[in-house]
Amino acid sequence: MAEYTAPLRDMKFVIEELIGLDQITEMPGYEEATSDVVRAILDEANKVARDVLSPINRNGDLEGSRLENGVVITPTGFRDAYQAYVDGGWNSLQFDEEIGGQGLPQLVATSVFEMWDGANLAFMLCPVLTIAAVECLEKFGTDEQKEKWVPKLVTGEWTGTMVLTEPNAGSDVGALRTRAEQEGDHYRISGQKIFTTWGEHDFTENIVHMVLARTPNAPPGTRGISLFIVPKFLVNDDGSLGQRNDLRAVSLEHKLGIHGSPTCMMQFGETDGAIGYLVGEECRGMEYMFSMMNSARLAVGREGVGIAERAYQQAANYARERVQGRDAADPASGDVAIIRHPDVRRNLLTMRALIEATRALSYYVAAELDIAYKHPDPDRRNTAAARVDLLVPVVKAWSTDCGIEIASLGVQIHGGAGFIEETGAAQHYRDARITPIYEGTNGIQALDLVGRKILRDGGEELKTFLADVRETEISDPLIADAMWSALEALTATMDWMLEYDGDDPRAVVAGATPFLRALGLVAGGWLMARSASVAATSKDDDEFYKIKIATARFYAANLLPQVAAYAQAARTGAAEIMAVPAEAF
C-alpha cells in the first residue's frame, strides 16, 4: 500500500491563485505569511505526513489503542510521532503569538492539517481537540485560567478534550446528568461520559478535559449546563503537577474504524468527586462549548477531504497497475490497465472532482474566518463572519458525505481486492464513516442550516452568497449552463422554504438534508468554475491547468445536474416521509 503524499500543487493553487493569499497577508498580523513562507511550511508538513504519520496509519488500525490496568497504550509509533509533532512546533501553528503560537492564518493551518488527516486520521483527532480547548479558554477563561492552562496546551505538552456525551444523552446534550457541586473556589464533578475521543492516552503527562455538567439548582435542558476544566492531574501554583484527579477511563469503545484513536468511557468522581473549575458563568456552558464545536465542525469537514484524498491516491495507483480487460477503443491491444476503462475513469474523476470542490470550499471558509478575525474594516469582518456561519454546516456535512462516497468508490475501483483488509482500501472507508456522525450529525447540520442560518434571518445571508455566485463571470459555456441551471433550482427551493405558509410545521425541515447537499454542490461548483477561469487565463502552459479545466467541466456535466433533483426533493414537504407510521418500521 502506497504511503500518502500531499497534493501540494493543488493546495498551493487553491491558496495562492483561487483564494488569493495576498488578501490574507495584507491584514495586520499575517504579513509574514508570504508565498515563500507558506510553500516552505507546506513542504515540511508534507514530510511529516509522508514520513512520520502515514507509515503508522496501517499498524494503528491493526493494533488499535488498548486499556491495561487503567492505562491507555497507543499503537506502536504513535507516541514517538506525537513527540516529533510537538518538537517540530506544529501544535502552535495557528495560535496568536501573544500566547506562544506562530500566528499563521487559518487558511494555512487548514491545508497543513488536511495533509495529516489524510496521512493518519486517528492520530490527528488528538491535536484537533487540543486546539478547540485553547480557543474556548482564550475566549471565556479568566486571566488566571489562561495563564495556568493555555501555554502547555498551545505547545502540545498537554492535550485537551471535549467531554459532552452521556449514555442517556446522545445528541440531546440537554439531558445530561453529570453533577457539579461547588466547594469553595472549585467544584466536585461526578458522572459518567461516553465517546470521549483521546480521553486517556500515553502521549502527555496531563490531559485537560473540558466537561459539561449541571449544577444543583440549574434549570432543565441546555439552559442549565455549565462548562468546567477538569484536569487529569491537578496543577500546583508553581506549575508542577499535583495529585491525580478523581477521574479515569473505564473502558475503550470497540469501533468500526479509527482504531488508533482511544474513544473512552470516562468516570468522574468515583470517590470524593473530580475537582473542576468553572469556565465563565454557570448555565452558559453550551454557549461556550459551541465555540469549540464550530472549530471542530470545520475541522471534521476538512477530515472528510483529507481521508478522501488518501482513498483517491490509493485507488488511482491501483487502477494504473491492475491489468484486466481490453480497451474498447482498441480491442486488439490486449489486456490493459483498468484505468483505461470508462467506468473506472468516471469513478476516479468523480473522486477527484469532489475532492477539489470540497478542498476549495474548506479553504474558502478558512480564509473568511481569517478575515472575520483580522480585517481592519469592521464591516468586512462582519460580512466574513456571516459567511462563515452560513457555510460551517455545509463544510462539515457535505464534505464528510463526499468523503464516504469517495472512500466507497475507492473500494469499488479495487473490486474484490478492496473488500479485503490487506489492501487498506477498506480502512479508509471505515475511518471516514465516523465523520458524518460526530460534532453534530449531518442531519443536525442540515437542520442548523435551514432553521438557524436561513429561516431565522429570512435567508438574507444565503441570498447574498447566491448573489456573489451569480455575479461570477464564467467563460466556459458548458460550465456556465450547468452552473446557472443548478443555481436556478436551488434558488427556487430557497424561495419555497422562505414563503411556505402551509399547516405542516415539519414541511420545510423535512427537506433540510437534500437542501444542504444541493447547496454544497452549488458552492463547490462555484469554486470549480472559478478554478477553471483562473486556469484558462494562466500564461503557464502547464498540464496542471489543462487538467484543472477538464475536471471542472466533468464536475459541471456530471455532478451539478444532481442539484435539481436534491432541490426538488427538498421542497416536497413531509407528507411522504411521515406517511408510514412509526409502528410500521
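Q: Buried means under 20% relative accessible area; what share of the 585 residues in the protein chain do buried residues make up?
A: In this predicted model, buried residues account for 57% of the 585 residues in the protein chain.

Q: Why is Thr491 called buried?
A: The cut-off is under 20% relative accessible area, and Thr491 has a value of 17%, so Thr491 counts as buried. Thr491 belongs to helix α15 (residues 477-499). Leaving aside residues up to four places away in sequence, Thr491 touches Leu466 and Arg470.

Q: What makes strand β6 (residues 207-214) largely enclosed by the rest of the structure?
A: Of the 8 residues of β6, 8 are buried, so the strand is largely enclosed. Both faces are covered: Ile207, His209, Val211 and Ala213 are buried on one side, and Val208, Met210, Leu212 and Arg214 on the other.

Q: How do you know that β6 and strand β7 (residues 225-231) pair?
A: Pairing requires at least two bridges; β6 and β7 share 7 bridges in the antiparallel sense, and they therefore pair. Leu212 has Leu227 in β7 as its bridge partner. Strand β3 (residues 159-163) and β6 also meet the criterion, because they have 5 bridges, in the parallel sense. Here Gly160 has Val208 in β6 as its bridge partner.

Q: How many helices and strands does the protein chain have, and why is it called as compact as a globular protein of that length?
A: The protein chain has 19 helices and 14 strands. Its radius of gyration is 24 Å, close to the 25 Å from the globule rule for 585 residues, so the chain is as compact as a globular protein of that length.

Note on methods: Residues are numbered from 1 along each chain as its sequence is written. This is a predicted model: local features need pLDDT of at least 70, side-chain atom pairs count only at pLDDT 80 or more; totals for chains, interfaces and linings use all residues. Side-chain values use heavy atoms; hydrogens and water are left out. Helices (H or I, at least four residues) and strands (E, at least two) are DSSP runs, numbered from the N terminus. Buried means under 20% relative accessible area, exposed over 50%, partly exposed in between (1.4 Å probe, protein chains only). Contact means heavy atoms within 4.5 Å. The radius of gyration is taken over C-alpha atoms; the globule rule is 2.2 Å times the number of residues to the power 0.38.
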